[in-house]
Amino acid sequence: MTMRRVISALVHDRPGVLNRVASMFRRRGFNIASLTVGHSERPEFSRMTIVVDNVPETALYQVTSQLFNVVDVVEVMDITDDDYVARETALIKVRATRETRGQIVEILDLFRGAEVISVSPYSVIIEITGPTEQVESLLALLEPYTILELMRTGLVALTKDDTAPQDGAWRGPTLVGAQSHRN
Amino acid sequence: MSDRMLAGGELVCEALQAEGVDLVFGVPGGAILPFYDHILKYPSIHHVLTRHEQGAAHAADGYARATGRVGVCIATSGPGAINLAVGLGTSFMDSTPIVAITGQVTRPAIGKDAFQETDVTGVTIPVTKHNYLVMNASDIPRVMKEAFHIARSARPGPVLVDIPRDVLQEIGEYSGYPQSVDDLPGFRPITHPDPDQVQGAADLINAAERPVILAGRGVLLSGAEPELKDLAERAQIPVIPTLLGIGSFPGNHYLHLSLMGMHGSAFANFVANEADLLINIGSRFDDRIIGRVADFAPHAKIVHFNIDRSSIHQNIFAHAPVVGDAKNSLQALLPLIRQTTRPQWLSRVDDLRREHPLIVRDFDGKPSTQYIIKRIHELTDGKAFIVTGVGQHQMWAAQHYVTDRPNSFITSGGLGTMGYEVPAALGAQMGRPTEQVWSICGDAGFQMTLQELATIRDEKAPVKFAIMNNRHHGMVRQWQTLFYNKRYSQIDTTGPDFVKLAEAYGMPGIRVDDIKDVDSAIKQAQDHDGPVIVEFMVEIDELVYPMIPAGQSVNEMVEDPWMDQQPTGTARR
Ligand SMILES: Cc1ncc(C[n+]2csc(CCOP(=O)(O)OP(=O)(O)O)c2C)c(N)n1
């Protein structure tokens, strides 16, 4: 069984850090679905939200512990099972003629956080911000109109609890003893 | 201390001096030249000019393993730095603390495909614990302090510091070497274990009937040998060392078993196979030990002590994981362990040991490698420092050079780097000048780094080289014999006349092809007060047994067929 994990990490804002993190994921064979990085609440650190796909149950613990071994990574949280909020933004260029434009706008009315932000003679650009599922259902509805270009930011996430994590904090899936050692 | 104005190169030397470094290995070149100019003013730092940067990296590694200190190697930009890479990879896999210092092209030239420019921090990410590109001379003291700290702390490993030439020349203010590491929020090793985890381990150990300990290099790195012995004796648990854990438990102890795994002893493999608890202390469950995961120690629960959290659940799931330094963890564990006797289990272990011994073949007057190693063992009283290459001779050395001296068996385990044996022996000997260092070499591995014989001659390092000359890539040939139906491909490594080679490098060379000359050659080498090369002509058809083919289990283990043809009680150790 494989699963998708959402990991939040605080990293030094220095040249090469993205390379170190990406290199670790690549050489350990983990599959990054999306990686978003930007300024955090502290000036010298950036926060990353990393979505890892197809993580076998056996590698669950590896993802966070290997990431934590990267010296420039200050804090690692696997928040998949936490109470968290997550959003992504997508810019979608859809073919839209005089006949179909109205239909597309009708579809957008069904979604919170979706709007047309640019109109050209034969296409529109739509912006949507929301949870991944919402972005994907909009994409499915737009599919018949022909999506010309798509740019997704990848997920950004924060947990809802009101404590700030400490430097050197690591929280992977709970380190429990296994039932069998055959992994 | 009032501030002084120093050049970047001097700041590097100041850092080395402050870290107590008195020996470094390296090769100069354009980008690192400012450093080489300044080191002339620091006579307390002895620089060994190896003939190849790979040699510098391996020598630093051998030095570090033999002494427990941080090894230092130095190279110039581009080719010099990349030549270090195999050594860094070797140190990384085997957790050896190394600081590598490399020159880089000047800051304005970076990224311009400048002469001898390589993205060295990029290239070495996967083979270092951490690395730095230093862009200001004033950062050098802090970076060096952090580099040494990271290299030796937690699970040790190599750290590389890349410094552009103009940074080595830049004048910076120096207010003294930092006393502490203040700004490494991302490096917080867990040294002391969680008491609940320790309790979990103790519960399994107290409940076990047929426990066995697998003792790895973590025991040696944390100096936990006394605690390991205490645990083994208190709970009467036999101890299997890993290849890198040799010396962590006295080899002559009644609870000591030989190695397990691919070329481990059959009895140790059978013991692990029958055990109901396997306690791994400070090793990462290498695949050469576990073979097929589904059949590894099939009746055992697993306790896993490791300072590196990412080793836990990596290859084998642990029922009771303990993250922490081996010494601290065992100290926390010991009071929780009930004193026990287990006559039944130990007598079963002894039966297995008797029924499936490690054997030493002979070949009608021709010495076997096993026999030679056994004689070196006996004539050095098991007290020499042993450095090996990679291949058949390495496995035989591990099987037959039984020792009770911590850190005296030095071998490239994780990466299996041929050519390690020559420069690493130099480093070990220079770190332990009063010890007898024997380098057990394959003829092929020896030819990969033999240029360091010149360095050994210059440094008057009295290494005793025992080349096991089978004129082949012996281990490759063994696999082609067993798994490729004897279709031999690219394995003839016939080299030079090693006796003449020794002479060319100004040291005595001795060739042995008769079993009755083995002892005298070994003694002659021991009596000579400089380096010596002894070339032993050995049989090519000698295969390393027992063998569990890669990815298989103890059920597929092949023992030496020769054993069955011998009258019981002969040729057995
Ligand atoms: C640098 C390197 N290249 C290739 C190998 C693959 N390899 C493993 S053992 C071996 C043969 C070793 O021959 P030798 O050094 O003569 O030792 P022997 O096995 O004959 O004792 C080879 C080629 C390796 N381990 N390291």
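Which residue in E3(A) does Thr2(A) stand opposite?

Guide: Please bear in mind throughout that this is a predicted model. Thr2(A) has Pro56(A) of E3(A) opposite it. The two strands concerned are strand E1 of chain A, residues 2-12, and strand E3 of chain A, residues 45-56, which run antiparallel and are joined by 10 bridges.

This pair belongs to a wider arrangement. Chain A has an open sheet of five strands, whose order is E2-E3-E1-E4-E10, with mixed pairing. Strand E2 (31-39) and strand E10 (170-171) of chain A each have a single partner strand and stand at the edges, so one side of each is left without a neighbour in the sheet.

Two helices may be considered together with these strands. Helix H1 of chain A, residues 17-27, packs on the sheet and touches E1, E2 and strand E4 (73-78) of chain A. The direction of helix H1 of chain A makes about 155° with that of E1(A). Helix H2 of chain A, residues 60-69, lies across E1, E3, E4 and E10 of chain A, and this helix runs at about 165° to E4(A).

The sheet may now be placed within its chain. Chain A contains four helices and 10 strands, and its elements, read from the N terminus, follow the order β-α-β-β-α-β-β-α-β-β-α-β-β-β. The C-alpha trace of chain A spans about 60 × 40 × 35 Å along its principal axes. Of the 183 residues in chain A, 32% are buried. If one takes the contacts in chain A between residues at least 6 apart in sequence, 74% of them join residues at least 24 apart.

For context, we may turn to the nonpolar cores. The largest nonpolar core has 214 residues, of which Cys73(B), Val99(B), Val161(B) and Ala466(B) touch the most other members. Leaving aside residues up to four places away in sequence, Val99(B) touches Val70(B), Val72(B), Ala147(B), Phe148(B), Ala151(B), Val159(B) and Val161(B). There is also a second, separate core of 11 residues, including Ile92(A), Ala114(A), Leu138(A) and Leu142(A).

Finally, there is the ligand. Around the ligand are 20 residues, of which Gly391(B), Gly442(B), Ala444(B), Gly445(B) and Gly474(B) come nearest. Helix H16 (392-400), helix H18 (443-449) and helix H20 (474-483) of chain B are the elements that give two or more residues to this shell. By class, the shell around the ligand consists of six nonpolar, 13 polar and one charged residues.

Notes
Residues are numbered from 1 along each chain as its sequence is written. Chains are lettered from A and ligands numbered from 1 in the order in which they are written. This is a predicted model: local features need pLDDT of at least 70, side-chain atom pairs count only at pLDDT 80 or more; totals for chains, interfaces and linings use all residues. A nonpolar core is a set of buried Ala, Val, Leu, Ile, Met, Phe, Trp, Tyr and Cys residues joined through C-beta atoms within 7 Å. A residue is buried if 20 or more other C-beta atoms lie within 10 Å of its own, exposed if 12 or fewer, and partly exposed in between; C-beta atoms are placed from the backbone. Two residues are in contact if their C-beta atoms, placed from the backbone, lie within 7 Å. A residue is near a molecule or strand if its C-beta atom, placed from the backbone, lies within 6 Å of it. Ala, Val, Leu, Ile, Met, Phe, Trp, Tyr, Cys and Pro count as nonpolar, Asp, Glu, Lys and Arg as charged, and the others, Gly among them, as polar. Two strands pair if DSSP finds at least two bridges between them. Axes are lines fitted to C-alpha atoms, for helices over the stretch in contact, and angles run from 0 to 180 degrees between N-to-C directions.
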